Amino acid sequence: MKDKTMVRERIIEATLALIEQSGGDVRHITARTIAQQADVGLGLLNYYFGSKDQLITICVQRIIAKIAAGFQPDRSFETDRERLTACAAYVFHFLFENPAISRISILADLQNYAITSNSVYSQKRFTLSLQQDIADEDKAFFSFVLVAAMQTAFLGSGAVKELLGYDFTKEADRTAYIEKLVALLFEGGRKGATL
């Protein structure tokens, strides 16, 4: 059992190294390259992971989880709105700066939405930014809507440009989108308002 776990982890580590070397562009990572990097037979990839795509998804989820674990809401802001805007902008910029792995992570979460998914983890992190201005019973819903709107905008950035005029290749437009999104959420989510 220990040997199987070691081989599985060696394959994952090799794949993570290849993803890093590719700058997150996984399109050109082949199963053969992964097997060579891990110094294992090609058949072991399918044996342990079912497919190269499933292996890549597992690795991308690990990368995103590691990044998310290091993300702490900045407590130096005076208001929840300022804090949440900064946190959301940070995450939104990350998505566009790392499009290949972000797409894989989001699509994997949407196909298997679970309490352990990166999307839910992000929602929980955003909830920590809400300390005083949103009623406790609304914080999870607020964060859920924020993450869903960010993911939809990322995945459909071409349509968003046509529909809303935001060009997400520009950092200023990404920031403006987040500022408007958070402002709209706060207008409906202030204490005493009903969501």
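Student: Which helix gives the most to the lining of the second largest pocket?

Tutor: Helix H1 does, with four residues. Helices here are DSSP runs (H or I, at least four residues; strands are E, at least two), numbered from the N terminus. The model is predicted, so local features need pLDDT of at least 70 and side-chain atom pairs pLDDT 80 or more, whereas totals for chains, interfaces and linings use all residues. Residues are numbered from 1 along each chain, and side-chain values use heavy atoms, without hydrogens or water.

Student: How is a pocket told from a cavity?

Tutor: On a 1 Å grid over the protein atoms alone, a cavity is a set of points where a 1.4 Å probe fits but cannot get out; a pocket is an open set with protein on both sides within 12 Å along at least five of seven lines; lining residues have an atom within 4 Å of a point. A volume is the space filled by probe spheres on the points, which are joined across faces, edges and corners. Here the second largest pocket has a volume of about 230 Å³, and its lining consists of Leu16, Ala17, Ile19, Glu20, Gly23, Gly24, Arg62, Ile63, Lys66, Asn98 and Ile101. Two or more of these residues come from helix H1 (2-21) and likewise from H4.

Student: What is the make-up of that lining by residue class?

Tutor: Ala, Val, Leu, Ile, Met, Phe, Trp, Tyr, Cys and Pro count as nonpolar, Asp, Glu, Lys and Arg as charged, and the others, Gly among them, as polar. The second largest pocket has five nonpolar, three polar and three charged lining residues.

Student: How much space lies in the largest pocket, and which residues lie nearest its centre?

Tutor: The largest pocket holds about 480 Å³ of space. It is lined by 19 residues, and Gln54, Thr57, Ile58, Gln61 and Ala108 are those nearest the centre. Helices H4 (52-70) and H6 (99-111) each provide at least two lining residues, and H4 gives the most, with seven. By class, the lining of the largest pocket has seven nonpolar, eight polar and four charged residues.

Student: How many cavities of 30 Å³ or more does the structure hold?

Tutor: There is one such cavity, and the largest cavity has a volume of about 310 Å³. It is lined by 20 residues, among which Ile64, Val91, Leu95, Asn118 and Ser122 come closest to the centre. At least two lining residues come from each of H4, H5 (80-97), H6, H7 and H8, and H7 gives the most, with five. The lining of the largest cavity contains twelve nonpolar, six polar and two charged residues.

Student: Which residues of H7 are buried?

Tutor: Buried means under 20% relative accessible area, exposed over 50%, and partly exposed in between (1.4 Å probe, protein chains only). In H7 the buried residues are Asn118, Ser119, Val120, Ser122, Gln123, Arg125, Phe126 and Ser129.

Student: Is H5 largely enclosed or largely open, and why?

Tutor: H5 is largely enclosed by the rest of the structure, because 13 of its 18 residues are buried.

Student: How many aromatic pairs does a search of the whole structure find?

Tutor: Rings of Phe, Tyr and Trp (its six-membered ring) pair if their centres lie within 6.5 Å; planes under 30 degrees apart are stacked, over 60 edge-to-face, the rest tilted. The search finds twelve pairs. The ring centres of Phe142 and Phe186 are 5.1 Å apart and their planes stand at 75°, so this pair is edge-to-face. Since Phe142 belongs to helix H8 (residues 136-155) and Phe186 to helix H10 (residues 171-189), the pair ties together parts that are 44 residues apart in sequence. Both Phe142 and Phe186 are buried. Tyr166 and Tyr177 form another edge-to-face pair, 5.5 Å centre to centre with 80° between the planes. Tyr166 sits in the loop between helix H9 (157-164) and H10, and Tyr177 in H10, so parts eleven residues apart in sequence are tied together. Tyr166 and Tyr177 are each buried. One aromatic cluster is formed by Phe92, Phe96, Phe154, Tyr166, Phe168 and Tyr177.
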